[in-house]
Amino acid sequence: MTSFLINAFKRLHLSIVPNRIISSGYATAVTTSADAISVTQKEWKFPPVYTKPREVWIESLATVEEIKLGLFELHPLVYAAVPRIDIIHRNVVWQKKYRWVSWAQTKTRAEVRGGGRKPWPQKGLGRARHGSIRSPLWRGGGIAHGPRSGKTHFFMLPFHLRIHGLTSTLSAKLAQDDLHIVKDLEIPSDEPEYLIDLIENRNWGPSVLIVDDTDIAPRNITVATETLPHVNIMPVYGLNVYSMLKHDTLLLTLSAAEKIEERILHHLHSITNEQQAEFKLNQI
Amino acid sequence: MGSRQITEKSLSMIRSLPRISLGNIRDNPGSKITQKRGRGQHRGDKHGAGNKGSGQRQNYMRLGYETGNNPFYLRVPSEPYYRGHHHRRQYPPLSLLELQSLIDKDRLDVTKPIDIASIIKSGLYNMFPDQKQFGIHLTDEGLDIFAAKINIEVQWASEQVIAAIEKNGGVITTAYYDPHSLFLLKNPKKFFETGQAIPRRMIPPPDVIEYYTNPKTRGYLADPEKISHERLRLAQKYGYELPELENDVSYNMLIERKDPRQIFFGLEPGWVINLKDKCILKPRDEELLRFYSS
Amino acid sequence: MATVWRSQCAFTRFFIGKIAQIPNNSSDLGTKLSLGPLSVPWVSRNYSNYAHSPFVSKVKEQYEFDVVKNPPEWAYVERLLPFDTIPAVSPKEKYPSGWIPPREEARNLPFFVSRTKNHELPIYLNVTFRGMRKITQIRKIDGDIWLLNDEIKAYLKEAAKRYVETRVHELGKFIEVKGDYVNVLRDWAYIKGF
């Protein structure tokens, strides 16, 4: 019965040629309506199959008040994944641990000064037998099994958990309205007060992480954020789960959002045998 | 879809919750078990190590040791057919079914000759030359469904497999590669990036010379005349009509073979591939040309 | 052509270039100490091992090479380079391996099972307790997972002629079916068009 049905479908399929849209790269078609709000329809290399793309407003930093410049589509595989809190947590733990070297140090009985002489004879005094005054049993003696310095806590989180951590955090940020997309990072003045006003006005919370595609941000925003410890700029390749959670709001430029999407989609659709292989310290 | 959409549901739930930050995330409950020494009724007493002896002291005897007896593995006569098994060449299998599914999913290009490099490139087959693996053994699973016209080069193949490929108008060659060449074939990009000249392929060791010069096994050192004779013989044995190669549209692809000293298709030993500038360095020196000539 | 160092004739190195000082029994050293143009391999002599072969005295530092830009052989290099991303499957007349491409109609269903990046169905068999427990897992489910669960249960009841236990993990987006029903569920997924 089942095999009959399958054969029927196999035969059916011969006449149906799947209508695939294969576009090279990220061609974007912009349609501008009368009131100058651009709606961007994207053509992805890996189009979303079932879930609808996410739409976000493109904002601008040019004024303190919020202006909407247009609509922008984000890929659901990257910006609307299931927000797995446990995977986010594992990423944060990994980021804390891989650079942590514990310098806690205690002296063993060999390192504590003195104690080379037998304190009293083995027999004849009626006292307990002891061989060294720096034995761990003694007050002022060495520590048995104490921490030794230079212990690394380095480990590598599996590749796809790292990818999933990024998508989970980006999706959670977007779902909680903590992810904003701006056209560029141009601001009219280099005063930090301008940025403080803007963040206050748009209710972005005090701390903001700004992510751009380029290594060199425009002058005004660099000068304005220099004295603000809670507003930070980061290139797109530095994006990580810990920093995203550390800041209240994540601010992506259009090009950064596209770049993140492209890189993560690339990893989700390529052969990752090498990245998934066991991490070896000498692999460079 | 609506509210029963899984992703939508979890994202809309998270909307009404406080902002996710470093302070309010945690792992799944029960995902991490810390090891504790139980007390009393909770696995106390001996802590699962048993009473006295090697179990308690974690001092297990080596495998096969019988506390001084003449052990079993020395008491019985040895089995000689496994002698030296760890030195023998291994050929990890690839079935015709797997090969067909690689072709169906466009992981292998049938318009070009197939060798180990293209099969490993597909990402669904792997081989470890450092573990005494010497290439692909094409096995006969999926023999009946196989329907692709290919020019394939493997390291070991049975008669039925050869018949299955030749029945479909394809060509099969068995060829030997030394481990060093296999490393290059496994990851050609990594080798090109080192900037070394492509080495020569080594000739097979004495015990497989016979296999690779035999036209019945389509050895790469066999006489082409004898191979075409054997192709005909095999077709008569299994009762299929041998498609004529000469009249084929992809004749040029099907007759493409490597030189016995060549590792990559189309690239000769002695060449240096520059991936960055997209150029090839070909030796001109008389000495080198003579060294690399086969 | 490489310089070879072997311990059994280690000291012979000191005699190179000092032929006059070598005693008459120099053949005992196991090395022929001639200083001819030894980098020329084709005037070859077969030495019984590396240690018995002479040291290379003259190595050419630079060999002449033709640098060919955009060579016709570059196509052979490109076919060796790894895939950038996994290629999409082009539509074909038939797929002899039994693989079936996903169909467009499946996207209109209230639930969806997406393919893996290797274009395979995400249906797996998990074997635990040394083969005593077999659990079939369907992963990457989108949409109404409970409706999908009901459909699977009904389908399996008909196919296996018995009640089949299932378990839904909503957040993990997968369903576990007790028993080995990989082939049955794969057939079902192909019929649905996933």
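Which residues line the largest cavity? In this predicted model, where local features need pLDDT of at least 70, side-chain atom pairs count only at pLDDT 80 or more, and totals for chains, interfaces and linings use all residues, the lining consists of B:Pro113, B:Asp115, B:Ala117, B:Ser118, B:Phe264, B:Phe265, C:Tyr76, C:Arg79 and C:Leu80. Residues are numbered from 1 along each chain as its sequence is written, chains are lettered from A and ligands numbered from 1 in the order in which they are written, and side-chain values use heavy atoms, with hydrogens and water left out.

Rolling a probe the size of a water molecule over the atoms shows where empty space is left. Here a cavity is a set of points, on a 1 Å grid over the protein atoms alone, where a 1.4 Å probe fits but cannot get out, and lining residues have an atom within 4 Å of a point. Grid points are joined across faces, edges and corners, and a volume is the space filled by probe spheres set on the points. Three cavities of 30 Å³ or more are present in the structure, and the largest has a volume of about 60 Å³. Its lining divides into six nonpolar, one polar and two charged residues; Ala, Val, Leu, Ile, Met, Phe, Trp, Tyr, Cys and Pro count as nonpolar, Asp, Glu, Lys and Arg as charged, and the others, Gly among them, as polar.

Contact, meaning heavy atoms within 4.5 Å, takes in 49 residues from chain B and 46 residues from chain C. About 4,500 Å² is buried between the two chains, with carbon and sulfur atoms giving 59%; buried area is the accessible area (1.4 Å probe) that two parts lose on being put together, summed over both.

Side chains of opposite charge can pair when their charged atoms come close. With a salt bridge defined as a side-chain nitrogen of Lys or Arg within 4 Å of a carboxyl oxygen of Asp or Glu, the count over all chains is 36. One such pair is C:Glu78 with B:Lys278, at 3.8 Å from N to O. This pair crosses between chains, from helix H1 (residues 74–78) of chain C to the loop between S6 and S7 of chain B. Seven salt bridges are found across the interface of chain B and chain C, and another pairing between these chains joins B:Arg284 to C:Asp66 at 2.9 Å, N to O. On the side of chain B that touches chain C, elements giving two or more residues include helix H1 (6–15), helix H4 (96–104) and helix H12 (286–292); helices are DSSP runs (H or I, at least four residues), as are strands (E, at least two), numbered from the N terminus. By class, this side of chain B has 23 nonpolar, nine polar and 17 charged residues.

The interface of chain A and chain B takes 29 residues from chain A and 24 residues from chain B, and the area buried there is about 2,200 Å², 58% of it from carbon and sulfur atoms. Four salt bridges cross this interface. A:Asp248 and B:Arg19 meet in a salt bridge at 3.4 Å, N to O.

Finally, there is the second largest pocket, a pocket being an open set with protein on both sides within 12 Å along at least five of seven lines. The space in this pocket is about 2,000 Å³. Its lining has 45 residues, and the closest to its centre are A:Asn273, A:Glu274, A:Gln275, B:Asn187 and B:Lys190. Helix H8 of chain B supplies the largest share of the lining, six residues. By class, the lining comprises 21 nonpolar, 13 polar and eleven charged residues.
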